[in-house]
Amino acid sequence: MADLQRRIAELEGGGRPRRHRWRSALSAVLVILAALLSVLSVVAVWADSMVEDTDRYVDTVAPLAEDPAVRTAVTNRATKAILDRIDVKALVAELSSAARQDGAPPALAKLIGELDGPIENGLKELVSSTVHRIVSSPAFATLWTDANRAAHSTMDKALTGKGGGAVTLKGDQVAIDVGPVVERAKDELVKSGLSRAAGIPQVHTDFVVFSSEQLVEVRTYTRILQIVGSWLPVLTVLIAAAGILLATRRRRVLVTTALAVAFGMLVLGVSLTVFRDIYLDRLPAEVSQDAAAAVFDALVKFLRATLRAVAAVALVTACAAFLTGPSRPAVTVRRACADGIASVRGVAGSGGLRLGALGRFVHRHKRWIGGLILLIALIVLVTWSYPSTAVVLWIVAAVLAAFAVREFLDDTGAGDDAGAGDDTGRHDGGKQPRPA
């Protein structure tokens, strides 16, 4: 009686119990926090994969060997490095001086002097064409991939601005070492008759593909995200689960949480596009914008793929939570699916299909079977290495197919009994299935 009076007083007071208000407020805070952390989690997983997973990193940078902008930038930088060390002008001057000193005809010495410019341009063209031929050959792709694979062990140092490797951070710039290309070009030039190229020392030169005054800050944040990348997603899921469990209307909060995560992925995608435009506009004149854009797009390729996959999971979760609810559209969809499957089962029953013990087993353990299907799908999704949007959609399709099979097999056996006791062989096709 006292409890009834308390409830009546609460209703007359026009509000829910204070305990429920606090739970709802805390739930809302946790949902917002989970949505924000989901964005950081995606970035953290990406940063961690770039450092820890060699194959992932190589898959990211390998296509750059085929990019025209990167090839042009490598060709220009390697050509400049070789010409700086050969000193073509000094070589031409030496040729003219030798022609005059070795007793050559005056006309020949004069002709060589007049051809200083064309000879110099020809030597530069020889170097440039040799480097371009190397960079355009299949050997460059192998050289590029092998160099990046060997240098991956120093990527964590590169993220902190220390150490060497194919990709390094120098001050406020990101540079890629093209020394191996210079070495290959040096050998080719010697074979072409330019023996002076043999004296070129080992070169470690680079071309800048990224430059930003905020690079030091970005580098620090990236390092932090790389450190927390392994556990931040787990923490985000736990916070989201806590927010949902605290809510008084859990299904509604689950839908809200999923939509908030999907919105966070949308914001992250837009931010990447905006940041790309900003940093390209602020590049120094000596930096190849096309090469910088190619490298940026390659490095964030898997980040974009991951955020799309997370958005897909969030949207699917929101739809599933909504369709299992009591709203009229959800009930209508479930009823239409159940009726369609029941019709198929009825046709199969008319054709002689008897589910028997299997149908009764599925009917008794229908909820457990549904939970097992979802658990298997979750395990597949979690253990899949870098699931894409296509992987998510295939898993969803498999889950829907499994639930359809479960609904088809859900039978108490009443149809079998009726068919066995009726001389006319009438079969009602089984009971109407319950909604999933």
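Residues 24 or more positions apart account for 79% of those contacts in the chain that have a separation of 6 or more, where contact means heavy atoms within 4.5 Å. Please keep in mind that this is a predicted model, in which local features need pLDDT of at least 70 and side-chain atom pairs count only at pLDDT 80 or more, while totals for chains, interfaces and linings use all residues. Residues are numbered from 1 along each chain as its sequence is written, and side-chain values use heavy atoms, with hydrogens and water left out.

Let me turn to the overall make-up. The chain has 20 helices and three strands; these are DSSP runs numbered from the N terminus, with helices being H or I of at least four residues and strands being E of at least two. Of its 436 residues, 39% count as buried, and here buried means under 20% relative accessible area, exposed means over 50%, and partly exposed lies in between, with a 1.4 Å probe and protein chains only.

How far can we trust the model? The pLDDT, which is the predictor's confidence in each residue from 0 to 100, has a mean of 75 over the chain, and 64% of the residues reach 70 or more. Confidence is highest in helix α19, at a mean of 92, and lowest in helix α20 (residues 414–421), at 42. Over residues 414–436 the pLDDT is below 50, although this stretch has 36 contacts in the model beyond near neighbours in sequence. Where pLDDT is low, the predicted coordinates should not be read in detail.

Now please find helix α15 (residues 301–323) and helix α19 (residues 389–409), which pack at an angle of about 25° with their axes 8 Å apart. The axes are lines fitted to C-alpha atoms, for helices over the stretch in contact, and the angles run from 0 to 180 degrees between N-to-C directions. The two helices, α15 and α19, are therefore roughly parallel to each other, a description that applies to angles under 35 degrees. On the α15 side the contact is made by Ala-305, Arg-308, Ala-309, Ala-312, Val-313 and Val-316, and on the α19 side by Thr-389, Val-392 and Val-396. These residues divide into seven nonpolar, one polar and one charged, where Ala, Val, Leu, Ile, Met, Phe, Trp, Tyr, Cys and Pro count as nonpolar, Asp, Glu, Lys and Arg as charged, and the others, Gly among them, as polar.

Which residues does Trp-46 touch, leaving aside its neighbours within four places in sequence? Trp-46, which lies in helix α2 (residues 18–52), is in contact with Leu-299, Val-300, Phe-302 and Leu-303. With a relative accessible area of 19%, Trp-46 is buried. Its C-alpha is 9.5 Å from that of Arg-304, although Trp-46 and Arg-304 are 258 residues apart in sequence.

Finally, the structure holds four salt bridges, each being a side-chain nitrogen of Lys or Arg within 4 Å of a carboxyl oxygen of Asp or Glu. One of them joins Asp-297 and Arg-276 at 2.7 Å, N to O, and this pair links helix α14 (residues 289–299) with helix α13 (residues 250–281) across 21 residues. Asp-297 counts as partly exposed, because its relative accessibility is 33%. Another joins Asp-410 and Lys-366 at 3.1 Å, N to O, and both Asp-410 and Lys-366 are buried. Salt bridges that share partners join Lys-366, Glu-407 and Asp-410 into one network.

Technical notes:
Angles under 35 degrees count as roughly parallel, over 145 as roughly antiparallel, 65 to 115 as roughly perpendicular and the rest as oblique.
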